[in-house]
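I opened the model to look up its cores, its aromatic rings and a few helices. My entries follow.

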Amino acid sequence: MPKQHIYFVRYGLTKYPLIENVGPYDSPLHPIHGNEQGIAISRRLASMSSPPDVVYSSSLHRAVSTSQLIVHALGKTKNSVRVEDGLIEWLTPSLTVEPDGSRLSPRTVQQLIDMTFTEIDPDYKSVNPLATDPNNVSEGAPYFFESEEYLMTRARVTMDRILENADGKNFCIVSHTPTAQAMALYLEGAASLKESKLGPWPLGGITLFTRDEGEEKWNMEMYADCSHMPGEYKNGLKEWSLPCLTKK
């Protein structure tokens with residue numbers, strides 16, 4: 001019986017380390033190590049028995065760069081990356097506001113394409129757009145600023161809509177640990193956080209969920225696996241985890 005596969009990817013090393021409450025919050029990949037790790041991630045995905053057909057990406061530089069490498073490894077080029085607002089970083093002050101008070105400002109699809117990310121599909125419309133008016137936020141829409149509980153709602157809404165958009169295809173999500181973990185928690189469906197198998201997620205880690213055709217239940221076949229990563233990163237470095245998972 002055919003299975004649908006969902007891959008969650010955390011990017012590799014960034015050029016400028018992200019420090020909570022300090023930034024920078026939209027760094028590109030490290031031109032040597034981050035790019036090398038991105039290639040390793042891409043090759044791992046391309047070598048899977050059921051590789052992704054579609055790639056959904058956060059609009060932040062490090063995620064889009066990783067998505068670009070992935071689609072090339074899959075033999076795809078133009079119009080093959082779907083930039084999704086619902087996959088943006090957790091919009092909490094510690095991950096979006098710099099000491100001078102300036103706030104993360106995600107680039108538009110056209111700005112990313114103009115930066116040479118021509119693999120982006122310009123016709124894809126985000127299934128969970130960023131709310132621009134804090135007084136008019138639809139359920140689950142990403143907005144400044146989100147509680148951890150609200151991030152869970154955003155993850156659920158985004159995942160349900162991506163599943164509908166993907167229409168049964170295998171797909172890859174390139175996002176950030178808070179968002180990816182919240183989505184993984186939703187798919188895992190554990191009765192409580194204490195029963196969840198999720199834990200810290202290192203750089204370059206890949207998580208895989210599958211389900212049989214016609215079934216509702218998802219099975220987590222791999223979590224935050226780094227065996228494809230080069231050098232010491234193969235052991236899982238620079239881990240991060242949602243606060244709710246560190247307290248379980």
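I took a nonpolar core as a set of buried Ala, Val, Leu, Ile, Met, Phe, Trp, Tyr and Cys residues joined through side-chain atoms within 4.5 Å. Buried means under 20% relative accessible area, exposed over 50%, and partly exposed in between, with a 1.4 Å probe and protein chains only. The model is predicted: local features need pLDDT of at least 70, side-chain atom pairs count only at pLDDT 80 or more, and totals for chains, interfaces and linings use all residues. Residues are numbered from 1 along each chain as its sequence is written, and side-chain values use heavy atoms, with hydrogens and water left out.

**Cores**

I looked up the largest nonpolar core and found 32 residues. Those with the most contacts inside it are Ile6, Phe8, Tyr56, Met159, Phe171, Ile173 and Leu242. Helices (H or I, at least four residues) and strands (E, at least two) are DSSP runs, numbered from the N terminus. A second, separate core has 30 residues, including Val9, Ile113, Val174 and Met222.

**Tyr56 and its rings**

What does Tyr56 touch, leaving aside its neighbours within four places in sequence? I found Arg82, Leu87, Tyr124, Ile162, Asn165, Ala166, Phe171, Cys172, Ile173 and Val174 in contact with Tyr56 (contact: heavy atoms within 4.5 Å).

I searched the whole structure for aromatic pairs and got six. Rings of Phe, Tyr and Trp (its six-membered ring) pair if their centres lie within 6.5 Å; planes under 30 degrees apart count as stacked, over 60 as edge-to-face and the rest as tilted.

Phe171 is in strand β4, so the link to Tyr56 in β2 joins parts 115 residues apart in sequence. Phe171 is buried too. I noted Tyr56, Tyr124 and Phe171 as one aromatic cluster.

**Arg103**

I found Arg103 over the face of Phe144, 3.8 Å from the ring centre. The test asks for NZ of Lys or CZ of Arg within 6 Å of the ring centre and within 35 degrees of the ring normal.

**Helices**

I compared helix spans with expectation, which is 1.5 Å times one less than the number of residues. Helix α1 (residues 33-47) reaches 21 Å from first C-alpha to last, close to the expected 21 Å. Its buried residues pack against β1, α2, β4, β5 and β6. For α6, the 12 residues should span 16 Å, and the end C-alpha atoms are 16 Å apart. I counted 11 of the 12 residues of α6 as buried, so α6 is largely enclosed by the rest of the structure. Gly189 follows α6 and has a positive phi, near 65°.

**Two single residues**

Thr66 touches Val9, Tyr11, Leu29, Ser42 and Val174, not counting residues up to four places away in sequence.

Ser138 lies in the loop between α4 and α5. At 46% relative accessibility, Ser138 counts as partly exposed.
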